[in-house]
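Subject: Handing over a structure, with notes

Dear colleague,

I am passing a structure on to you, and my notes follow below it. Please look through it first and then read on.

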Amino acid sequence: MQVRNGIPVSPGVVVGPALVLGTENFRIPQKYVRRDAVEAELARFRSALEQVCSEIESNEVLVADKLGTEYAAIFSAHLQMARDPRMLGEVEHLIRERSYAPEYAVSRFLRQHAEQMQNLGDKYLAERALDIFDLEKRLLGCLLGESREELSSLTAPVVILAHDLTPSETAQLNTEFVLGFATEVGGHTSHTAILAGALGIPAVVGLGRCLASISGSETVILDGDHGQVLIDPDEGSIANFRTSEAHNLKIHERLLSLEDLQAETPDGERIHIYGNIEFPTEVEQCVKRGAEGVGLYRTEFLYLGGRVEPSEDDHYQAYCRVIEACGDRPVVIRTMDIGADKIPQRLQERFDETHNPMLGLRSIRLSLQSTPVFKIQLRALLRAAVKGNVRIMFPLVATLLEFRQAKMILMDVMEDLEDEGIEYKHDIPVGMMVEVPSAVMLVEEFAQEVDFFSIGTNDLIQYTLACDRSDPSVASLYRAGDPAILRLIRMVLTAAKKHNRPVTVCGQMSSDVRFVPLLLGLGLRHLSATPHSIPRLKEVVRHVSILDAERIADHACSFDLARDVEHYLLGELGRLCPDLVV
Ligand code: PEP
Ligand code: MG
């Protein structure tokens, strides 16, 4: 049994056969071949290798002609690797002696080789491992050819193990067959992780390099509650899995009964819980789980899937679906938050040169530089807004000027609609995300211009602690319980109260039950969370009085280390709701 620990990002424990996605997410369909087919498979491998070598040779000539021989040298190195007799010998050995399918043999040999290079501690050699992955990709492309299986064509349940999944790939996972997934990279609040929660797929990210030693047919237990992945589990672990499955089912059933109850503290304070959504279809889940509306609609997912820019009508239809499904419940529509890890494929080239995409052209900055595209979204939004209780929110606002510019464009769009005689919502509330420390520093000034605030802790943590939210190597720094984060939240709540502006927390922090007493104690009354977490949040709200919450918040704010804050909050949660701490 192999045990891998990562970051738990979407709850639930599942067991099933592993499906390992290779580089480029090729699926390796079978691990073994019949003994009588070994010769034919060897021939298939040699012919694929020949084809790859001649492709590399053509590339070498092409590049030498266009760019010069120094650039073509990259391909000479690839060719040398492909022609390496050791590789030929070892892959043939795996096919002949172990009856491995050529795809599996190639992937196994090259990945182990790449892993060794990466572990030598030499930066140059570690980078050469990328060449090996490139060769693997070419060989698999050749071997699998037309029969390459797509994730969309799954016909049986699997647990996906991949190096990485992009948010668009995750969005397209077939929830009927994908029991759960785990990735080598990724962080707690990466958009892939958020989507896993939205789709209700248990997930663990940031496992570190481990795929080389997994072939793709082993049984896997994936524990999305604790961030553990067991490969080829022993009998004891399977028995434990069955016990915790039964326990989880019991809690789940009890929490279902909370769906129709109010989120009210024992001392009678109403707390408002909304859902975060990425797709219109998720509204149903929000409402079913007892959300009072949608606190964050991440509209950028309209741009991520398709091959072309969404039209005004695409936007309009999507917004109308959300608004109509919500009835008179509030809906906060956030304008496009594209950039960083959310880049539509058709715009990829434009962002390829960006050295530091998290600090680059993303979110409202991109909208302000792409006014025609931004205006299309705003037109649709204002038109759809007449159908319900809609608010508009701008993401990643760092300066007052950005907010003012965005609002001016909104006014422009209103004037256009007025001139064209098109019905639109005139008095739409306009708010902003607080997810950059500069916005917190100027929160008093912002409070005089915005109708509401929504604290995006996912980005606020990353920009305050200077650590990439998707990078598992800095995951221990990236913590919602950091005293700096508590202080920033307190600053926003204090200023907003003074200016009578509502505040919501819509980052993942508000989906994490440990933080509920703290946030209520700091004065927060509106939370927007991943739909699946809503029943648990209600459970905590119904067990903590405001007086108790204030005491917890005061005590939590007295620590100077994130781990002490989080440890203390976990203890308090265990006291309030022991079932939720397993
Ligand atoms: C956030 O940053 O907390 C947030 C809610 O926005 P996103 O996760 O979409 O960046
Ligand atoms: Mg954000």
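Is valine 450 buried or exposed? Valine 450 counts as buried, because its relative accessibility is 1%, where buried means under 20% relative accessible area, exposed over 50% and partly exposed in between, with a 1.4 Å probe and protein chains only. Valine 450 sits in the loop between helix H17 (443-447) and strand S14 (452-455); helices (H or I, at least four residues) and strands (E, at least two) are DSSP runs numbered from the N terminus. Between valine 450 and isoleucine 422 there are 28 residues in sequence and 26 Å in space, C-alpha to C-alpha.

Before going further, please keep in mind that this is a predicted model, in which local features need pLDDT of at least 70 and side-chain atom pairs count only at pLDDT 80 or more, while totals for chains, interfaces and linings use all residues. Residues are numbered from 1 along each chain as its sequence is written, chains are lettered from A and ligands numbered from 1 in the order in which they are written, and side-chain values use heavy atoms, with hydrogens and water left out.

As for the overall layout, the domain assignment, whose bounds come from an automatic or database source, gives domain 1 (2-24 + 155-208 + 216-250), domain 2 (35-143) and domain 3 (265-530). The C-alpha centres of domain 2 and domain 3 are 46 Å apart.

Turning to the metal, the magnesium ion (ligand 2) is coordinated by Glu435 (OE) and Asp459 (OD) at 2.0 to 2.2 Å. This pair links distant parts of the chain, 24 residues apart, since glutamate 435 is in the loop between strand S13 (430-434) and helix H16 (437-441), and aspartate 459 is in helix H18 (residues 457-464). Glutamate 435 and aspartate 459 are both buried. Donors here are N, O and S atoms within 2.8 Å of the metal (3.2 Å for Na, K and Ca), and water is not among the atoms, so sites may look incomplete.

A backbone N or O atom of threonine 457 lies 3.1 Å from an oxygen atom of ligand 1, and a polar side-chain atom of arginine 469 lies 2.7 Å from an oxygen atom of ligand 1. The protein covers 100% of the 290 Å² of accessible area that ligand 1 has on its own, as computed by the Shrake-Rupley method with a 1.4 Å probe. Helix H7 (191-199), strand S10 (294-298) and H18 are the elements that give two or more residues to the shell around ligand 1, and H18 gives the most, with three residues.

Two residues stand out for their backbone angles. Most residues other than glycine have a negative phi.

Finally, glycine 521 is found in helix H20 (residues 516-522) and counts as buried, at 13% relative accessibility.

With best wishes

Definitions and conventions
A polar contact is a pair of N or O atoms within 3.5 Å; within protein, one must be able to donate a hydrogen and the other to accept it, and residues adjacent in sequence count only if both atoms are side-chain atoms.
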